[in-house]
Amino acid sequence: MGIPVKPDIDVLASLLEQPDFSQIYALADKIRETHKGNQVQIRAILEFSNHCRRRCRYCGLNAENRRLTRFRMEPEEMIHAAHEAYRAGYRTIVLQSGEDPFYTPERLGEMIREIKKDPIAVTVSCGEMSANAYAHLRACGADRYLIKHETADDQLYASLHPCGTLENRVACLRELKQLGYETGSGFMIGLPGQSARTIAQDLLLLREIPCDMAGIGPFIPHPDTALKDLPAGSIETTKRAVALARILLPDCNLPATTSLGVLNPEEKNHIFSCGANVVMRKITPTRYKRLYEIYPANLGDTDILAQRQELEQQIRALGREPV
Ligand code: SAH
């Protein structure tokens, strides 16, 4: 496969549009095997607050959505859920929320200290904060931070985010990197006006930072947002972007985002054979999970242990080792 060591934007954009991607998938799979082995890492995600001060136009949690019932988990509930996840075998927990001013860096920091009493890696995913706040969380034991750049196209970013700039988003990523976080970014596939070149730009930004983790997933329209009438992003394009991310960043952790139907062993080109090596499972208690509706999804009741075991089995059925 003729892929240059450092493909530029034109090369990446034309690769994305190849009629037959099978050789690139095979290359991505090989690189994944060499750099990440046979393991699929399972991570717990706890969605602890759906309050958000931002108005991202694609997101169901945006501050203008008055139809959403808002919730905040109590610290004790969060610590309990994290401990249960640890006991079920999880060794990473992602704490995610909207940008909720109630959860100050001090409150979050205390929570992280409590959760870290178990030997579990803590990823925080609570949006943009000051450099001091990120430093405080790091000092309290946070290991990783996940904040997707969403799109690397300046104008597209501005049109979707009335409250923020791409510049600041990227500044956050660089700050997190400097503080020694394992730093995760990522972007959506299928945003309005996005082209193959935009996705190429997204991929190059991941490499430039460089990210330790990148979540790439299809946009899904939410009925209570301005983008409700748009089509969902393409699964094929998502897989292609994940494969190219693996080739550009061989050591990167690449989750199979929840929005993909990933675990069908019947499907030859499932996402774990296209470069991905991570999967996340919601451990959010049922009554809150349904309210954390970034995009519409059919969610069953949460059973932390049973769902972890089920996922482990599905991963084994793909010939991979769950950890
Ligand atoms: N407040 C945090 C967490 C955001 S939610 C932050 O700002 O980082 C996590 C991710 O969900 C977002 O980064 C975005 O990429 C994704 N997301 C939001 N709305 C979506 C939609 N309608 N379709 C697909 N993904 C969406």
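Me: Why is Phe48 called buried?
Reply: Its relative accessible area is 0%, and buried means under 20% (over 50% is exposed, in between is partly exposed, using a 1.4 Å probe on protein chains only). So 0% lands under that limit, and Phe48 counts as buried. Tyr103 passes too, with 6%.

Me: What kind of model is behind these values?
Reply: It's a predicted model, where local features need pLDDT of at least 70, side-chain atom pairs count only at pLDDT 80 or more, and totals for chains, interfaces and linings use all residues. Residues are numbered from 1 along each chain as its sequence is written, and side-chain values use heavy atoms, with hydrogens and water left out.

Me: How many aromatic pairs are there, and what makes the Phe48 and Tyr103 pair edge-to-face?
Reply: The count is six. For Phe48 and Tyr103, the ring centres are 4.9 Å apart and the planes meet at 85 degrees. Rings of Phe, Tyr and Trp (its six-membered ring) pair if their centres lie within 6.5 Å, and planes under 30 degrees apart are stacked, over 60 edge-to-face, and the rest tilted. So 4.9 Å makes it a pair and 85 degrees makes it edge-to-face.

Me: Which parts of the chain does that pair tie together?
Reply: Phe48 sits in strand S1 (residues 39-49) and Tyr103 in the loop between strand S2 (92-97) and helix H4 (105-115), so it joins parts that are 55 residues apart in sequence.

Me: Why do S2 and S3 count as paired?
Reply: Two strands pair if DSSP finds at least two bridges between them. S2 and S3 run parallel with five bridges, so they qualify. In one of these, Thr92 partners Ala121. S3 and S4, also parallel, have two bridges, with Val124 facing Tyr145 as one example.

Me: How covered is strand S3 (residues 121-125)?
Reply: Five of its five residues are buried. Ala121, Thr123 and Ser125 are on one side, and Val122 and Val124 on the other.

Me: What about strand S5 (residues 182-189): how many of its residues are buried, and which strands does it pair with?
Reply: Seven of its eight are buried. S5 runs parallel to S4 (residues 144-146) with three bridges, and Arg144 stands opposite Glu182. With strand S6 (residues 213-218) there are six bridges, parallel again, including Met188 to Gly217. S5, helix H8 (residues 196-208) and S6 form a right-handed β-α-β unit.

Terms used: Helices (H or I, at least four residues) and strands (E, at least two) are DSSP runs, numbered from the N terminus. A crossover is right-handed if, with the strands pointing away from the viewer, the path from the first strand over the helix to the second runs clockwise.
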